[in-house]
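Welcome! Take a look at the sequence and the model, then read on.

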Amino acid sequence: MTTRRHLLVGWLAVALLTACGTPAPTATPTASPSGPDFTTPGTAASMVRQLLEAAGNQDLLMVEITEETVEVSVLDTGHKPVTWAYRDGEIGEVASDLQYVDQATFSLSRFNISDVGALFRAAQGQSGSAEKQSLTIVDYSGGEVMMSVSTVPESRTVFFTPDGALLPVLSFDTPGGIAAGIADAVGTRALVHSVTVDSQQGAWVEYPGTSGTTVRRTRTAKVPVTTNVTAKEMDLPLFFATKVRPEAVWAVVDDVRGSGDVPAEASWSVVIDDREGLGVPRMYFSIGSTVLVTDAAGSVISR
C-alpha cells in the first residue's frame, strides 16, 4: 500500500498545482475545448499510446483515466518518474512529486483498457457509486500490478484482472474459495514456511524474504494479494506448496461441522506447516471449539 500511496500523492500534488493556477506546460492541442470522452471504446487506449510516444518511454509506473483526462507516469533515463497528461484539450508534461521506490513497471499491452466505460459500469455495479470514477493501473503491493476503479467521494475500490474481468470475490467457506485463495496467495512460490486459511479472513502464505526477513502474501475476499515483510526469520522448515491440498482442507471441515458439539456453520481456520520437522506438512485445524491435527491428505492424527 505504501507504493500506491506514493503514486496517489503524486497525482494529488499535480491536481493542487493546477487548482492554484500554476502555469500549464508547453503542450500540443489535440482536441476541441470539450475534449474526447475517454469512456468510449478505444479512446483511452489511443490517448495512453499518444502520451507514451510523447514521453519517449513505454515502461509505465502508473496509468490513470477519468472520463475527461488521461495521465501516465514513466521512468526517464535517469530512473526518475516523469508524468505526462491530457487535460483541457492539451497533451503535456506535468509537474509531479511522484517518487520511484522500486515499484514494478509494466507494459500497456498487459491490460485491456479497450472499453473504459464498460469497466466503469462493472465497477458501479459492485461499489454502488459512479461519482467521479477513476481507473488506475499501478503496483498495488509487492510488485503486483493491478487495475482498479475508485470514486470521489470514496466508495469501495473495485479490482479487475488484466483482461478486464472483475477480480473474483471469494468465500473462504467454500471449496472453490479455498482453492482460489490458496492459489492466489502462493502465486509462483515453490517453497513456503506455512499456509493458513481462515474462513472469516482469507488465505495467506509465509516464506523467507531477503536479509533475514519473512514475507506474508495475503488474499482476502474482495482485495487482491497484498505483501507484507517483517524483519525476522521464521523458525519453521520449508516445504513444497504443492503439498497443500485444498480439497482435503474442505473435506475435514465438512466432516467435523454438524457433528458432536460443532455447529454446521461454525467458523474455522487451518495452519499447514512442518513444525514437527517430519519433512512433510501437517494440517492444524480449529473448527468451532474442536482442535485436531491431520496429515496433508486429511487423515486425522490427533484430536
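The structure holds seven salt bridges. Keep in mind as you explore that this is a predicted model. Side chains of opposite charge can pair when their charged atoms come close.

- Glu 144 pairs with Arg 217 in a salt bridge, and their closest N and O atoms are 2.9 Å apart.
- This pair links distant parts of the chain, since Glu 144 sits in strand 7 (residues 144-150) and Arg 217 in strand 12 (residues 214-219), 73 residues apart.
- Glu 144 is partly exposed at 27% relative accessible area, whereas Arg 217 is buried at 8%.
- Arg 219 and Asp 184 also form a salt bridge, at 2.9 Å from N to O.
- Arg 219 belongs to strand 12 and Asp 184 to helix 4 (residues 175-186), so this pair ties together parts 35 residues apart in sequence.
- Arg 219 is buried, with a relative accessible area of 1%, while Asp 184 is partly exposed at 31%.

**A salt bridge between partly exposed residues**

- Glu 247 meets Arg 245 in a salt bridge of 3.2 Å, N to O.
- Glu 247 is partly exposed at 48% relative accessibility, and Arg 245 is partly exposed at 36%.

**A buried glutamate**

- Glu 64 lies in strand 2 (residues 60-65) and is buried, with a relative accessible area of 7%.
- Its side chain makes a polar contact of 2.8 Å with the side chain of Ser 134.

**The cavity**

- The largest cavity has a volume of about 30 Å³.
- Its lining has four nonpolar, one polar and two charged residues, including Phe 159, Gln 126 and Lys 222.

Key: Residues are numbered from 1 along each chain as its sequence is written. This is a predicted model: local features need pLDDT of at least 70, side-chain atom pairs count only at pLDDT 80 or more; totals for chains, interfaces and linings use all residues. Side-chain values use heavy atoms; hydrogens and water are left out. Helices (H or I, at least four residues) and strands (E, at least two) are DSSP runs, numbered from the N terminus. Buried means under 20% relative accessible area, exposed over 50%, partly exposed in between (1.4 Å probe, protein chains only). A polar contact is a pair of N or O atoms within 3.5 Å; within protein, one must be able to donate a hydrogen and the other to accept it, and residues adjacent in sequence count only if both atoms are side-chain atoms. On a 1 Å grid over the protein atoms alone, a cavity is a set of points where a 1.4 Å probe fits but cannot get out, and a pocket is an open set with protein on both sides within 12 Å along at least five of seven lines; lining residues have an atom within 4 Å of a point. Grid points are joined across faces, edges and corners, and a volume is the space filled by probe spheres set on the points. Ala, Val, Leu, Ile, Met, Phe, Trp, Tyr, Cys and Pro count as nonpolar, Asp, Glu, Lys and Arg as charged, and the others, Gly among them, as polar. A salt bridge is a side-chain nitrogen of Lys or Arg within 4 Å of a carboxyl oxygen of Asp or Glu.
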